[in-house]
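Terms are given with their cut-offs where they come up.

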Number of protein chains: 2
Amino acid sequence: MYTYEYLFDFTCSFFEKMGCSDHDARLIAEVFLAAELRGIPSHGLIRLKDYYQLWKADRINVKPNVRVVHETPSTAVVDGDGAIGMVAASRSMEIAMEKGSMVGTGWVSTRGSNHYGIAGYYAMMALKHDMIGLSMTNANPQVAPTFSVTPMMGTNPIAVAIPAGSQTPFVADFATTPIARGKLVVAEKKGEKVPFGFVQDKDGNPCNDPAILRSGGSMLTLGGDYEHGSHKGFCLSAIVDIFCAVFSGANFGPFVPPSVAYLPVLDRKVGEGTGHFFGAMRIDAFQPAEVFKAKMDEWISTFRAAKPAAGREKVIIPGDPEREKENRLRKEGIPVLPAIVKDLKELAGEMGMEFEVKE
Amino acid sequence: MYTYEYLFDFTCSFFEKMGCSDHDARLIAEVFLAAELRGIPSHGLIRLKDYYQLWKADRINVKPNVRVVHETPSTAVVDGDGAIGMVAASRSMEIAMEKGSMVGTGWVSTRGSNHYGIAGYYAMMALKHDMIGLSMTNANPQVAPTFSVTPMMGTNPIAVAIPAGSQTPFVADFATTPIARGKLVVAEKKGEKVPFGFVQDKDGNPCNDPAILRSGGSMLTLGGDYEHGSHKGFCLSAIVDIFCAVFSGANFGPFVPPSVAYLPVLDRKVGEGTGHFFGAMRIDAFQPAEVFKAKMDEWISTFRAAKPAAGREKVIIPGDPEREKENRLRKEGIPVLPAIVKDLKELAGEMGMEFEVKE
């Protein structure tokens, strides 16, 4: 187990050694640690290695000039200048909130960025300003549109955070696929099959082999198959891709660059880097803040009180499990898998740093 | 087969007889006919009877004062004053576009409305102004949140329309459930079972009986079961409900009033009527319009070119099937089912009008 502070300081120093400013390094560490705390370690420390290798390959910019290149009172396009995703994304969300504070809502589409970690982090930035936050990103292609076998889209997540009053906030953060890619990796390592509806083979046939992506298969969109509404999942994923990349001038769909250095740079690009989309809406742009919060409290308590299904404990309000996990790990410490500890120790060595091995 | 003009004129006169202004009646007829043309007759002429009965029961207001009750430069809350949904919704979308034309984007949450027909109609209003349109509505509860057996939400659709250049626009319009309620009705009439993943029984068990809603069952959210991501469908449906009702002060979740007069008015209300949410974003708030359109064309042609799955013809770009249907029906005429013709003839009689029976 590691304390939050230990892992934060390590991550921070690691990115400073890479050449990031103190401000940027702290921000990157905060987003990585948010993933660990919220129970999404697939977007946490495991990715330090990816970023290190992208840096060694000169595929990310640790001294970026993140800037607005187009704007109206309620919108902006931000060029991330090849930044580490967290740096471009945090600045973009700040701009969305600045615009929101002026005209009620702010909307920013970002290009020239990279993998930004967990979508929910940026949506949640809005909460302390009494704003609703929204965050989306496109990602490297592994998901096929309905009726196709070509991986054209990433798992393209959507996050929405909505403040409440006495209740804890509503925080939805979900991929537009039935499962995250990580679940396939876990099933494969365990030698297990996965349920039908997650992946298809190279011809588009139903498939339960978690390793199928390595032989021309692809992930399916939310809904799974056409009969169960996969075309709706495709609509969602497409909307995320268009808002993130067409709006901003980033690479869309199959042209989104890989977020790891062991995959080659793509031959063709149709824009700059990876794309994100952010929104910030003042709650008092719709209702006096206290009225909004009281109504949101009522919404949450109403849904919490829905009758549970047989064998289920209760309805889960989006954000509850992650918050509970975060509260627990802040107290008890953060577990890091032995394989990741090994990676971090090696990375530390490369950087002339230390990483302590703890039980 | 009926001509568009015949059905439009009939519907228009019908709502004028009900006391609607000429302007409102034309608008209502246009939305009803858009549903027929686009192949969504469940939201078309079949609902004239519902509106007639709501009017007889004094549950809708045909002379509403639809007005802005709260606003910022980029947002408004509109009170529909009990209007027929199409009247409140069209005006709300116009306000979103007016705000969008001033500050880049406009966002309107609407209360005190009723069933507004097809979500896509309002999103598509934005297209001719070179804007991206967004439309959502909540609806009377028949869908249970994941892990619950209580119908707490409607099929809560989301529509997004995005202009292109030489390509036809992208128009997604989908319920946040695997299927529309109408599909259950059809299966029941045919005496068929439905696939698992659409509905559950009163205890939350998997179920394939399309009539189960009448014995305490409920529809499931997009994803179907938890393993396949139904909690993501719940997130979507919840976001729609909150944007439409918490933002505006409409009834949320289980308190959304029924859209038919044969169901009683609910005992408890937590706001005014049904809620909607609309957005309008100028494409040139993100990119010069020609650049945006060229990139959107490239997005569409890239996705069209994805390799089809075995036995499938091609990837379907959202909006294509509805547009093809509309083009065909405008030429060939609109079919109306005998049962609906019978209804319309009876309704015409009530109003001192004629409705011709055609083959």
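## A hairpin in chain A

In chain A, strand β1 (residues 67-72) runs antiparallel to strand β2 (residues 75-79), and five bridges join the two. Strands here are DSSP runs of E with at least two residues, helices are runs of H or I with at least four residues, and both are numbered from the N terminus; two strands pair if DSSP finds at least two bridges between them. Val68(A) has Val78(A) as its bridge partner in β2(A), and the link from β1(A) to β2(A) is a hairpin of two residues.

This is a predicted model, in which local features need pLDDT of at least 70 and side-chain atom pairs count only at pLDDT 80 or more, whereas totals for chains, interfaces and linings use all residues. Residues are numbered from 1 along each chain as its sequence is written, while chains are lettered from A and ligands numbered from 1 in the order in which they are written.

## The fold of chain A as a whole

Chain A has 10 helices and 10 strands. Its radius of gyration is 20 Å, close to the 21 Å that the globule rule gives for 359 residues, so chain A is as compact as a globular protein of that length; the radius is taken over C-alpha atoms, and the rule is 2.2 Å times the number of residues to the power 0.38. Along the principal axes, the C-alpha atoms of chain A fill a box of roughly 50 × 50 × 45 Å.

Of the 359 residues of chain A, 58% count as buried, a residue being buried if 20 or more other C-beta atoms lie within 10 Å of its own, exposed if 12 or fewer, and partly exposed in between, with C-beta atoms placed from the backbone. Among the contacts in chain A with a separation of 6 or more, 60% come from residues 24 or more positions apart, where contact requires C-beta atoms, placed from the backbone, to lie within 7 Å.

## Three-stranded sheets

Chain A contains an open sheet of three strands in the order β8-β7-β9, with antiparallel pairing. At its edges stand β8 (206-207) and β9 (218-219) of chain A, each with a single partner strand, so one side of each is left without a neighbour in the sheet. Two bridges join β7 (residues 199-200) of chain A to β9(A), and Val199(A) stands opposite Met219(A).

In chain B, three strands likewise form an open antiparallel sheet in the order β8-β7-β9, and Val199(B) stands opposite Met219(B) in β9(B).

## Symmetry and the interface

Chain B is superposed on chain A by a rotation of 180° with 0.0 Å of shift along its axis, at an RMSD of 0.0 Å. The two copies are thus related as by a two-fold rotation axis; the superposition is by least squares on the C-alpha atoms of residues with pLDDT of at least 70 in both. Gly223(B) is the residue of chain B that comes closest to the axis, at 2.3 Å (C-alpha).

The contact takes 71 residues from chain B and 71 residues from chain A. Elements of chain B that give two or more residues to this contact include β1 (67-72), β2 (75-79), α7 (230-246) and α8 (289-304).

Note on methods: Contact = placed C-beta atoms within 7 Å.
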